[in-house]
Amino acid sequence: MSTFKNVILYTDTDGYAKFREADIALPGGSPKAMLSELFPSDGFQVRHSPPGVSSDFHCTTTAQWLVVLSGEMEIGLRDGSKRTFKALSLIHISEPTRPER
């Protein structure tokens, strides 16, 4: 079975955001189109940010899936760590009250 690498941004027990990686299993489909299990969703939103735009540190109140469609997106954390995500990166942002997913 193949897997897809997923980056998870979560709030740790110390109250600070952290990154971790996990594999998403792709047990379904065929060798031409391997599929994960279906994930629940309450909605879908598209966002466009011009190059160079930054935002202040903020928390989300709901779990989110973020897909970078083109360009790059850098996410910096309060501890000074940062990661740059290129086109077609997948990031899962957990709810702040659920540190592990």
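K86 is exposed, as its relative accessible area is 51% (exposed denotes over 50%, buried under 20% and partly exposed the range in between, with a 1.4 Å probe and protein chains only). The model is predicted, so local features need pLDDT of at least 70 and side-chain atom pairs count only at pLDDT 80 or more, whereas totals for chains, interfaces and linings use all residues. Residues are numbered from 1 along each chain as its sequence is written, and side-chain values use heavy atoms, with hydrogens and water left out.

K86 pairs with E72 in a salt bridge with an N to O distance of 2.7 Å (a side-chain nitrogen of Lys or Arg within 4 Å of a carboxyl oxygen of Asp or Glu). This pair links distant parts of the chain, with E72 in strand 6 (residues 72–76) and K86 in strand 7 (residues 82–86), 14 residues apart. Strands (E, at least two residues) are DSSP runs numbered from the N terminus. E72 is exposed at 53% relative accessibility.

Six salt bridges are found in the whole structure. One of them joins D23 to K5, with the closest N and O atoms 3.0 Å apart. Here too distant parts of the chain are linked: D23 lies in strand 2 (residues 17–26) and K5 in strand 1, 18 residues apart. D23 is partly exposed at 46% relative accessibility, and K5 is partly exposed at 47%.

Strand 1 (residues 2–11) also contains N6, which counts as buried because its relative accessibility is 4%. Beyond four places in sequence, the contacts of N6 include R20, W65 and H92 (contact means heavy atoms within 4.5 Å).

How values were computed: Helices (H or I, at least four residues) and strands (E, at least two) are DSSP runs, numbered from the N terminus.
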